[in-house]
Amino acid sequence: MPETNGAPKIGVYVCHCGVNIAAKVNIPEVVEFARTLPFVTVARDYKFMCSDPGQELIQQDLREGRVNRVVVASCSPLMHEATFRRATAEGGQNPFFFHMANIREHVSWVTADEHKATEKAKALIAAAVRRVAFHEPLEKKRVPVHPHVLIVGGGIAGIEAALKIAEAGKKVYLVEREPTIGGHMAQFDKCFPTLDCAACILTPKMTQVRAHPNIKLLTYSEVESVEPYDLRNFKVTIRRKARYVNEDVCTGCGLCADVCPVTVPSEFDEGLGTRKAIYRPFPQAVPNVFTISRRGTPPCQAACSIHQNAQGYITLIAHGKFKEALDVILRDNPLPSICGRICTHPCTVNCTRGTVDEPLNIPGLKRFITDLFPDYKLPTPTKERPEKIAIVGSGPAGLMCAYELRQRGYKPVIFEAQPVAGGMLSVGIPSFRLPRDVITKEINRLKEIGIEIKTNTPVGKAITLEQLRQQYAAVFIAIGAHVERKLKVPGEDLPGVFGGIEFLRRVNLEGPFNLGERVLVIGGGNSAVDAARTALRCGAKEVTMVYRRTRAEMPADPKEIEAAEEEGVKMLFLAAPKTILGNKETGVTALECLKMKLGAPDASGRPAPEPIPGSEFVLSCDAIIVTIGQVPDIASLGERLGLETTTWGTFKVDDVTLETNVPGVFAGGDCVTGPDVVVNAMYAGKKAAISIDRYLNKLDMRAGREREGPYRTEYTIDTSGTPLQKQIPMPAIELARRRTFEEVHTGYTKELAIAEAKRCLDCGICCDCRLCATVCEAKAINYEMKDEIQEIVVGSIILATGFKLFDARRIPRYGYGKYPNVYTALEVERMTNSAGPTGGEIRLRDGRKPKAVGIIHCVGSRDRNYNSYCSRVCCLYSLKLAHLIKERTGAEVYNFYIDMRVPGKAYEEFYDRMLEEGIHFIRGRVAEVTDHAMTPDEEGKLVIRAEDTLIGVIRRIPVDMVVLAVGLEPQADADEVRRKFYISCGSGGFFLERHPKLAPVQTFADGIFIAGACQGPKDIQDTVAQAGAAAAEVLSLIDRGFVELEPNTAFIQEELCSGCKTCIPLCPFSAISFNSDKGVAAINEALCKGCGTCVAACPSGAAQQHLFTDEQIYQEIEGVLSYV
Amino acid sequence: MKEWQSWPRFRYEAELDLRFPEEVASMPGGRALFACIQCGTCSGTCPLGTYMDYSPRKIIAMTRAGFKDEVLHSFTIWLCASCYACAVECPRKIKITDFMAELKQRAIQEGVYPKRFPVAVLAREFFDTVRKRGRSTESRLVLRLYAKTNPLKIFNQALLGLKLLRTGRFSLRAESVKNRQQIDQLLRAVDAVKATTFVDRLAREVHRGEVARV
Amino acid sequence: MSEQWEPRIVAFFCTWCTYTAADLAGISRMTYAPNARIVRLMCSGRMDPQFVLKAFADGADGVLIGGCHPGDCHYQAGNYKALRRYTLLKRVLTEMGIEPERVRLEWISASEGDRVQKVMNEMVEQIRKLGPLHLEKAPRRTAAAQEREREAVGVSSQGGAR
Amino acid sequence: MKYLYYPGCSLKGTSRGYEESVLAAFEALGVAVDELEDWNCCGATAYMAVDEMKAFALAARNLALAELQDGSEHPTLIAPCSGCYLVLSKTQHYLQEYSEVSRMIDGALQAARLRYARTVHVRHPLDILINEIGVQEIARKVRQPLQGLKVASYYGCQIVRPYAAFDDQVNPKTMDNLMQALGAETVDWPLKTRCCGGSLMGTLPEVGVPLSYILLKEALKRGADVVATACPLCQFNLECYQDKMSHQFKERIEIPVVYFTQLLGLALGVSERRLGMHRLLVPMPTVRGGTRPHA
């Protein structure tokens, strides 16, 4: 039984609200009706109940005991509930013995019929009367307001509010996502209507913000989350994005930007100018420090198994910084002149440019650098360690491992069975692709930094694995895969049948020999292509490759296949060898083949070739080279320490560490993976070196190694509008000369290399060349910087996140993005600025001065296809630009408007002035901007077509420049942001204020305020005024020090609770716990926010909500339905 | 050119039909008419705007104001080629093309279409053929159009006709659906529901040969 | 039913979104059918299915429930809870022989005054189509309810204070 | 995927070449199409002007027949004529949007013992080519690339406005992409969706002829060798009145105006005869055998 204040004596007070209610609702009838309701002792009406005399009516009735509960039928409770509760309290009753019936917003303003409005009002009053009889006295809880303030957005609104609050002695955090504060206003040249310089009035405020002891400025930062700290205050998590420049150390000298090779369009100059990857948006930026734009590892580098920084050296080549490019290359790769020639270049395969026209020739550029500096040196180790490490095999895996270990100070020793080092590089790749001296030089460089290579030293014969394991700190086995796979067809052992690798090894080590006139090469891989091209160079007249699938399935590099065909190699697809014909004396004479067809995909994902029965045919030939794959020669190692192998005849190793089942023994490269490409062997060598280093230092070998191999970049690049320019072919010797072992490609010249490098799209923006770090005297640059998370507690938040401009590309009729001389207003604004991209000159793209300019109003505004609202500032800024254009160029300026909207102090006068300056005003929305000329004087111009609605004719006006007065839109992430801050967006997508007139900077979330254009389009004047208003709201909150909370929390009637726990998981604020002593649920009122979800779910009715008990709502339902 | 004296000095409100805008707006989606802000995009976009006596913008303004006579007598509505350029550009999403079609229908209903304007004749000839046969045959349609408007014009186009005949593009065989009865049932049903009589009036006029009088 | 039958609708609106939207509809003077009576709740999560049954029992022909859009709930997820109960409720109503179309759940944000207008009008049309709700035992106002009411305020049926 | 094909009256008359080339090109691409049985006039723009509701009824009969004939869940009806495409699409739209139209048409259909369940998807051949078959697939099947041919792609008004969703309404690109896939060059021509004059050419030639003239003059100025169209009326207006334009504007206007499907067929290696090329009044210079127009 609720505590009551005696038998209910209810007073009903019906408000006329002037005529707002009285004009629709028959008030005397309603009052008469109210008198008939149970417990109603008094029913009155008054013109304005919210006025002092109105409130006095209530208080008097209360004081004089006529009434002990109050119902006011007037406007929305969201408007005046607080007012009348206060009146009830002042009349001597608990303020919650009050209820309101909303007969204005919900009745008189929305109902056409007077009778029906009156009936509806009666129903709502009846409900309120029944409900208030069940009200109980409640106490409001006070919660302290934390005195710190968060302001989000550092435009003029945020700056103004921050300064106001800081001046009052309160602590402010100002968070801005860009590297500087200033917002859009910093981009403006002049401000209407006074035409004063924007920078002159803004920059002093910006520096004040920086200098103010009460303002903590967090630029390049974003609010990650806002959570309740307690019932009223907020815990805010802020991400401080890594700017890769230490803000406290950077002096803003700008030397870094001078050397930075990456140029990108400047956001601050709206893309009309450029900036560097390390940049400061504009010279007066606050804080005056630099930031590096890093989008992340570019796709080329990510795809590379050893993560060679391709974008870095490409960018440097494009700028002619060749020596620096070499340094970048050598950072990751000790074999660049080899990779530059024969790498299968996953970088190029994944190059973003490939989606536009053709990818860059990345290895070709690397080769260019290594050719340019034939005597470059590898970096020498900076420390020495005593441990010696044995490496079996001197192929790319072994060499890479040795290099990586040497750089860490170890002393690697390589054991090589062959007379030359290099493994498959030396024996398996023909010299016309990879000249021998290139390999020799690379190996000598490795020797120079202290790597020992013992050739002619087969492990298993000259020394055993066991001995290596005992004598060395660790062992890395990288013996490659050199044993030829057999066709397993009759006649394979006839003279004149060669294994591909056997053939290549013989030519490489002993020189070319005669094979006969007609040679067949069986297989479709890179080695098969190499063998075919080598066979040609051995004097064969006709070389045919026989492959059992089709060109599309050939694993060889398409460029290599193309080169082979160019040289005269023939291709025979869908044919598989059946029998090799010939005898011991004649040797091989012919090959019998079967025709194949493609079937369902096999395990490799390629269609499986299926033989066509009875389709045999014979190819005559003098020699056959079988190149269908290789396996490791594990047997050559002799005893194997019990190393485990797979059914494929390869070593079994741990995928992450490359360690074998024997501790301290690692294996990698082709002997683990089967035949694979060079860069993957190098990757294995590097991986093994990292593992060995960790093994010897007794560190976790597995931790943090996810990104060692190739991966795909997460981001995508917008390549739209990139002009097409195909890959520059690398010069090669003429075809006729391709019968010797002379290297086919001669490499790029400087000019060609620069031109090719300039095709790079700068995917990662910063190319990680690190030149900036070399010039920074303050040592402010830190590439390892990571985003930081900071948590703060605040009591109030002001959102001043501003706007974004309408994207004019969305209206193709206006030709933005198609015709170069169609500009947005902000672009022209930047041009008019003397610090802007044109130094204050208004110029067409080709540098000419415009003679006629058309300004099109309402672009994207007042248009139901885009934004139906008026953007409010465009008319005025168009007038301003019209004036500036006319002043600077003397051009005829035409304004095309729908309606001129210039309300505001001194705005109409500004319009008058423009009219008098002779600017043309044409009332009519532009239909089209076109380069379709219909008369000679329209040739070469942009023609604006519009109806001049005041004259009533359709006009075609040729102009040189079109300026689009684009409207203002909510920020792209406005919806995400407003969710984060628990507020709403209005119909245009701007943040919604609590009341359009009376609470323009408040929101429905307590303690969160909005200011400036994030609330709706507005000019600087109104923005500053709102910022002040928001600051005042915040200060009044802080100075009062507390807020009172609506006592609508939930509570448990313990005697009814069955302990079913249904409510506990429903509470979003974890306010409900289970009291196991009593076996009932318990609600922590300090956490309850009063949604009532638990109440609705409680099966026994034990959970109830103050102000919204089941009974109160039942009464309200009965009330609205029982009468009328 | 009209004599200047004949220009009316005032348009008296009493001469206007204030129900007209509401009637026109009763077409599907027609309420958008009242959203017009007279920006002139439609007129500027219209490829035929320069040939019109009133621009599409004016037609909308005049409809809203109740200038029924002027609107229904205007050439503008007959010049609309239904290219929909205005409709997709209209910032108020007014279906201007459909609005013009509505005005054409009303003009025919009121019998105020310009008699020498073959646009209306073509529409009606077309209507007639399809009603009877379910399909139209362009060649016959064209011949009937000329026969009913300006028989002499045929000679202007004789050469073109010959060329078309030679290339097999001018077949005089009348196309028809098989199930003519179904077409009849279908169109009758619309008539029955719609309970509009203008089609009959039209049929009568065609019958009386009124349209042939140029 | 008399020929002047008008659908009677009870609308339960959450205070943060839909109730505010209804206020906005008023401020914007959007007229709509007057049949619905709005009961304000803090959250659509407070919506107890019993309220709906109670409304039908007391003579409502339709019930409208309004909450914030998914993801917008002032209390994080009350509207999802409402949705879950609503789905169940419709099943229960079907079993009771009440057309489930008599209940409608709508997400209307604080800025969508026009949606309030549209939904209110649609709802009235919908109920008009369905006709009045005839519950076999649908007492306008039960004696028990009257008794309960008096007891709760501490007044006996004889009218004297307890 | 099998498609239903709605020819419409024009494709059986003045624009027989369009029908011939659509069918031949689809066949060359291995796409099966069946003509809608006993189709009737779509309702046409001219009919709309006299009685919109009857136009909807006529269109709805075709849609209902399509459901009957196809039987699949969502029959696709290909309408090559812009006018038919527009009217059929518009009918779909009105049946969805406006209940009064929907009610009336259902009633009329019922009287004719028909029923339409709103399942048909009306599409233009260009839409099918680009979005179903794909330019890459088409490029792969090209046997005679239109090397060196400069095409002005003319979309006209009604295939991109206002109900089509397969391309931009102001600056469509699908036909240009198709032409490029065939090896042709496309000219940048700002008038590609501007009205050719439509039926005004017949009724008010003093208005129609200048409209078509503006289009062709600009196409010639921008170096086009040929105009590709997707509409019977556009093709007729732009081709058949060239003599008249030349006479009226004292300027030689001569440029072949073909259906885009004719160019597609040529590139796919279909014979000129099967594509109806012999029906052109302004013949197309041969692109076969290395002879290039204007070369």
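Me: What does A:Thr118 touch, not counting residues up to four places away in sequence?
Reply: In this predicted model, A:Thr118 touches A:Lys24, A:Val25, A:Asn26, A:Glu29 and A:Val30 once those sequence neighbours are set aside. A:Thr118 itself has its place in helix α5 (residues 114-132) of chain A.

Me: Why is A:Thr118 called buried?
Reply: The relative accessible area of A:Thr118 is 3%, and the cut-off for buried is under 20%, so A:Thr118 is buried.

Me: What makes the approach of the side chain of A:Thr118 to the backbone nitrogen of A:Asn26 a polar contact?
Reply: The side chain of A:Thr118 reaches that backbone nitrogen at 3.0 Å, which lies within the 3.5 Å limit for a polar contact.

Me: How do you know whether A:Ile765 is buried or exposed?
Reply: A:Ile765, in the loop between α24 (750-757) and α25 (771-775) of chain A, has a relative accessible area of 13%; since buried means under 20%, A:Ile765 is buried. Leaving aside neighbours within four places in sequence, its contacts include A:Val262, A:Ala277 and A:Arg295.

Me: Why are the buried residues of α4(C) said to line one face of the helix?
Reply: Those buried residues are C:Gly113, C:Val116, C:Val119, C:Met120, C:Met123, C:Val124 and C:Ile127; seen down the axis of α4(C), they fall within an arc of 135°, so they line one face. They pack against β1 (9-14), α1 (18-27), β2 (36-41), β3 (62-67) and β4 (103-107) of chain C.

Key. Residues numbered from 1 in each chain as written. Chains lettered and ligands numbered in written order. Predicted model: local features only at pLDDT ≥ 70, side-chain atom pairs only at ≥ 80, totals over all residues. Heavy atoms only, no water. Buried < 20%, exposed > 50% of the residue type's maximum accessible area, 1.4 Å probe, protein only. Helix = DSSP H or I, 4+ residues; strand = E, 2+ residues; numbered from the N terminus. Arc of directions from axis to C-beta. Contact = heavy atoms within 4.5 Å. Polar contact = N/O pair within 3.5 Å; in protein donor to acceptor, adjacent residues only side chain to side chain.
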